[in-house]
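These are my notebook entries on a structure that I looked up piece by piece. I record each item in the order in which I examined it.

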Amino acid sequence: MRDRGLILTGLTIFLALLLAPVWQAALRGSARKPEPKIVTKAKQCVEPTAEMRRNHMQLLNTWRDTVVRRDQRTYLAADGKTVTMSLSGTCMSCHPNKKEFCDACHNYLAVNPYCWECHIEPKEKS
Amino acid sequence: MRVVWSLLLVGALALVGFFGAQAGGQALFGIVLPYLAMAVFLVGIAVRVVGWARSPVPFRITTTCGQERSLAWIKASPLDNPSTGLGAAARVLLEVLTFRSLFRNNRSELRDGGRFTVSADKWLWAAALAFHYSFLVVFLRHYRFFAEPVPAVVAWIQGLDGFFQVGLPVVYVTDIVLVVALGYLLWRRLADPRLRYISLPADYFPLALLLGIALSGVLLRYVSKADVVAVKELAIGLVSLHPTVPQGIDPLVFAHIFLVSVLLTYFPFSKLVHMAGVFLSPTRNLANDNRMRRHINPWNPPIVGHTYAEWEHEFHDKLVASGIPLDEE
Amino acid sequence: MPEKTRDELVRIDYTPPRRDWSDPAIDFEARKGTWSYPAAAKNLRYLGFPNPRDWSPTDEDWQLPENWQQVIHDGLAERLTKYRSLKLFLDVCVRCGACADKCHFYLGSGDPKNMPVLRAELLRSVYRNDFTTAGKILGRVAGARKLTPAVLKEWFYYFYQCTECRRCSVFCPYGIDTAEITMLARELLNLVGLNINWVMEPVANCDRTGNHLGIQPHTFKDNIEFLVDELEETTGVRVNPSINRKGAEVLFIVPSADFFAEPGIYTFMGYLLLLHSLGLDYTLSAYASEGGNFGLFTSHDTIKRLNYKIYHEAKRLGVKWILGGECGHMWRVMHQYMDTMNGPADFLEAPVSPFTGTAFTNAASTKMVHICEFTADLIKHGKLNLDPTRNDHLRVTFHDSCNPARAMGILEEPRYVLRSVVNNFFEMPENTIREQTFCCGGGAGLGNDENMEMRLRGGLPRANAVRFVHEKHAVNRLACICAIDRATLSTLMEYWVPEVDVSGVHELVGNALVLEGEKPRTTDLRGKPLAARKGDADA
């Protein structure tokens with residue numbers, strides 16, 4: 001049959017496309033795991049690390065709403081400590097380095113948060 | 001009952017993934033089974049397609065859904081009754097991309113006094129299209145876990161999908177559409193007695209499985225958030241053929257991955273192969289040029305009918321009597 | 001006519017039974033009127049088909065060959081390697097149900113196994129059991145069934161309850177064609193001697209005498225001469241068709257019903273008048289005296305065997321090309337099978353109309369032209385002198401015959417011809433015409449009397465649409481381009497819409513065609529008086 005070549009070509013293209021990540025990995029070499037750089041001596045963020053890794057976006061979101069809409073600035077953490085809810089004041093005191101901290105994971109996972117649509121991006125030496 | 005069993009089965013499978021990984025099966029559910037499933041999928045699909053390709057298409061049996069190309073002044077229907085290979089290719093492509101045949105769907109109903117009414121019925125078409133496209137987008141979005149750096153187009157798809165910027169993490173439209181469409185497709189099988197009658201376990205199970213995959217994914221994104229950095233490490237490890245299971249992968253991730261592995265394994269043995277089969281349908285992918293170009297049947301059997309000579313021999317006297325000319329005259 | 005009244009027939013219950021469909025039990029006794037009689041042993045013997053015997057579906061024992069399960073298993077295995085269509089259609093159905101209410105038999109009977117999806121599942125379930133991994137391992141859970149005698153009986157019932165009209169295929173998202181499934185399922189049934197006489201007798205006749213009706217050459221000639229006499233009486237013109245004449249330019253092939261019985265004979269008269277008025281150099285053949293091909297309802301090998309005569313005769317007579325009359329399944333064979341099976345027709349010339357110079361490039365390889373294509377071209381070029389007022393006593397609608405519509409796409413040609421020869425033309429609703437046309441209910445060999453209830457049920461959607469235009473536009477004539485239609489629709493109309501008669505398109509051409517030297521016409525070709533016309537008195 002004249003169409004066998006056509007079918008096999010189609011099949012090959014499909015399978016090749018499906019395996020695109022494998023080709024990409026083979027060409028680029030295996031990617032390094034991101035290591036967000038933390039410039040602080042503190043042992044823990046406002047909440048435990050595992051919690052922060054998963055839910056920091058929600059925490060920041062809550063902070064923003066509480067501060068902007070209800071004018072409350074004090075956050076009571078799970079362990080009873082209180083911190084001031086402020087991205088530039090609190091967060092960035094330990095994580096001033098957006099490129100080396102925030103972007104490390106965000107770029108890795110193609111996340112594009114809109115924090116910096118209102119806040120001024122920290123000026124960093126690159 | 002069939003639907004209950006299917007849902008229970010998928011629920012059980014999810015639990016197997018969830019607890020299996022916690023009970024020390026992380027490498028099994030994170031590495032071994034995904035690899036196996038992918039291998040079964042790739043080989044299975046290839047075997048299926050090659051199997052179809054090995055059987056020839058002896059006759060050109062296009063289903064014509066429009067005017068043939070005949071006289072120059074009669075407007076032919078190039079898509080629904082293509083007379084060229086290009087037209088047939090376009091017909092298949094549009095079938096795949098827009099489900100044109102399903103778009104024709106209508107509903108015939110018998111009214112009092114034995115009258116049939118026909119009304120348009122686009123729900124199946126809309127739900128099918130919604131499901132397939134949202135699944136495609138969700139599938140493509142997952143590329144962010146498997147590629148480093150993430151291609152710009154994936155980021156672009158994500159941006160578009162989360163265009164409304166509702167909630168945090170931003171809610172993807174396709175997540176909602178996927179679950180709603182699957183829900184509708186499952187519901188219609190149950191609600192319509194006719195469909196319930198024709199539905200097999202093999203119809204409920206894939207729907208339940210896809211729902212399980214979609215819902216576990218939704219949970220992971222919006223509710224019980226996973227450590228996505230760790231997940232990506234796992235994924236990159238798989239595709240770079242240096243698999244490792246990093247610390248901190250949530251059990252629900254394993255449940256999600258296990259359900260996907262089940263889907264990949266099940267796929268080549270099920271009706272889901274329509275994904276590949278739709279391209280090969282002889283009533284759709286052949287041009288209706290039967291009388292223009294001879295179609296070759298590779299196994300055309302050497303059959304000879306009742307020949308003229310045999311016929312003339314039998315009816316010789318009657319032919320002569322009625323004055324019908326014989327062959328030698 | 002069936003024992004049931006019209007009111008009883010339209011009381012259709014679409015609620016599916018509570019029981020699962022996979023356990024079949026068909027009570028043939030209770031379902032009389034919905035199945036066809038088995039093939040007589042003599043016909044199978046003549047054709048050399050397996051297992052000739054006298055039997056009835058109502059028998060408990062169908063006298064199958066001892067190894068019938070193996071025969072069917074092997075037959076299916078062979079066909080899976082020969083037909084990609086079969087393999088694919090058995091694999092890819094998702095049971096979305098889009099086809100369900102597209103089948104005229106389902107709509108007319110409410111029997112869920114007449115949904116195309118379930119009709120195919122009857123075979124598909126056995127395929128799963130015998131040929132797929134999932135089916136072998138999981139059995140019934142995977143939708144697999146063993147081929148038991150009950151399943152086989154169910155096959156016989158439902159695969160001879162499909163007219164291979166392909167309407168479901170139009171709506172299927174994967175183009176699954178139940179006609180293909182039915183054709184191949186019937187091939188399997190034939191292997192163990194399960195066939196129906198209304199198919200096998202025409203096949204045997206056609207093989208021997210040249211046509212389904214078993215008309216022998218001298219009778220063929222007598223019939224045609226009778227029609228020529230009738231025509232002379234109506235028109236005053238004596239036409240002179242030739243039979244088996246070597247050296248003619250064109251071989252003209254028509255379905256045998258057209259020279260045998262009403263209302264087909266009027267269509268045949270129309271052909272004769274048309275070809276006479278043109279002076280076409282053509283011949284009929286008493287050997288290839290059948291355009292139709294009941295092989296299509298039997299097996300692919302039988303299609304080829306019967307179709308063999310067409311090119312064989314064209315070559316013997318030395319004609320340049322072939323013209324074909326109005327017939328549905330005939331054109332499925334001529335269009336989709338003939339060239340592949342019995343071609344290449346390299347001894348013929350690419351057809352060109354001698355009157356308009358139009359080259360029928362769409363028939364360049366097969367070298368066979370549909371008479372509606374031929375006539376539409378003549379009319380377009382003004383080659384016919386037509387008086388459509390002679391059809392003013394008729395209000396006409398057009399039934400697209402299944403095969404010309406869905407296996408060829410000849411939709412506009414007959415409409416163009418009709419609009420040129422009649423003044424009152426009305427379309428039926430759009431979901432019932434063109435590619436969505438409804439079957440007559442009696443195709444594929446099911447147009448026999450013992451199957452009458454099922455025919456009337458299957459024809460109900462079509463009849464319904466006719467009744468609609470009858471009530472709305474006072475339509476009284478149903479035109480079509482199919483010989484089976486002309487026979488079965490007549491019965492259908494008599495039952496459902498008795499005010500409407502059935503005819504071929506070329507009968508209406510014959511009515512309108514003004515011939516040189518004709519006498520003033522007072523009747524149409526049927527002998528029915530023409531409508532009174534203004535100015536008649538002056539003339």
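**Entry 1: the open sheet of chain C.** I began with an open sheet of five strands in chain C, whose order is S1-S3-S2-S4-S5 and whose pairing is parallel. Strands here are DSSP runs of E with at least two residues, helices are runs of H or I with at least four, and both are numbered from the N terminus. Two strands pair if DSSP finds at least two bridges between them. I noted in general terms that strands of a sheet pair through backbone hydrogen bonds, either parallel or antiparallel. At the edges I found strand S1 (242-243) and strand S5 (368-370) of chain C, each of which pairs on one side only. Strand S2 (residues 250-253) and strand S3 (residues 282-284) of chain C run parallel and are joined by two bridges. Opposite Leu251(C) stands Thr283(C) in S3(C).

**Entry 2: the basis of the model.** I am working with a predicted model, in which local features need pLDDT of at least 70 and side-chain atom pairs count only at pLDDT 80 or more, while totals for chains, interfaces and linings use all residues. Residues are numbered from 1 along each chain as its sequence is written, and chains are lettered from A and ligands numbered from 1 in the order in which they are written.

Entry 3: Strand S7 (residues 477-480) of chain C pairs with S8(C) in the parallel sense over four bridges. Cys480(C) has Gly504(C) in S8(C) as its bridge partner. Along strand S8 (residues 501-504) of chain C, Asp501(C) and Ser503(C) point one way, Val502(C) and Gly504(C) point the other way, and all are buried. A residue is buried if 20 or more other C-beta atoms lie within 10 Å of its own, exposed if 12 or fewer, and partly exposed in between, with C-beta atoms placed from the backbone.

**Entry 4: the largest nonpolar core.** I then turned to the largest nonpolar core, which has 253 residues. Such a core is a set of buried Ala, Val, Leu, Ile, Met, Phe, Trp, Tyr and Cys residues joined through C-beta atoms within 7 Å. Leu182(B), Ile322(C), Leu418(C) and Met493(C) have the most contacts inside it. Helix H1 (residues 2-54) of chain B supplies the largest share of this core, eleven residues. The core lies between domain 1 (6-30 + 50-194) and domain 2 (203-512) of chain C, because both give residues to it; the domain bounds come from an automatic or database domain assignment. Leaving aside neighbours within four places in sequence, I listed the contacts of Leu418(C): Val396(C), Phe398(C), Phe425(C), Ala479(C), Val505(C) and Leu508(C). Two residues are in contact if their C-beta atoms, placed from the backbone, lie within 7 Å.

**Entry 5: the two domains of chain C.** The centres of domain 1 and domain 2 of chain C, taken over C-alpha atoms, are separated by 31 Å. I found 18 residues of domain 1 of chain C in contact with 21 residues of domain 2 of chain C. On the domain 1 side, H5(C) gives the largest share, five residues.

**Entry 6: chain B against chain A.** How many residues of chain B are in contact with chain A? I recorded 33, in contact with 27 residues of chain A. H10(B) gives the most to this side of chain B, with six residues. The residues of this side divide into 22 nonpolar, five polar and six charged (Ala, Val, Leu, Ile, Met, Phe, Trp, Tyr, Cys and Pro count as nonpolar, Asp, Glu, Lys and Arg as charged, and the others, Gly among them, as polar).

**Entry 7: backbone details.** I noted a cis peptide bond from Leu168(B) to Pro169(B), with omega near -5°. Another cis peptide bond runs from Glu262(C) to Pro263(C), with omega near -5°. Is Arg434(C) buried or exposed? Arg434(C) counts as buried because it has 24 C-beta neighbours inside 10 Å. Arg434(C) has a positive phi of about 50° although it is not a glycine. Asp71(A), also not a glycine, has a positive phi of about 55°. Asp71(A) has 7 C-beta neighbours inside 10 Å and therefore counts as exposed.
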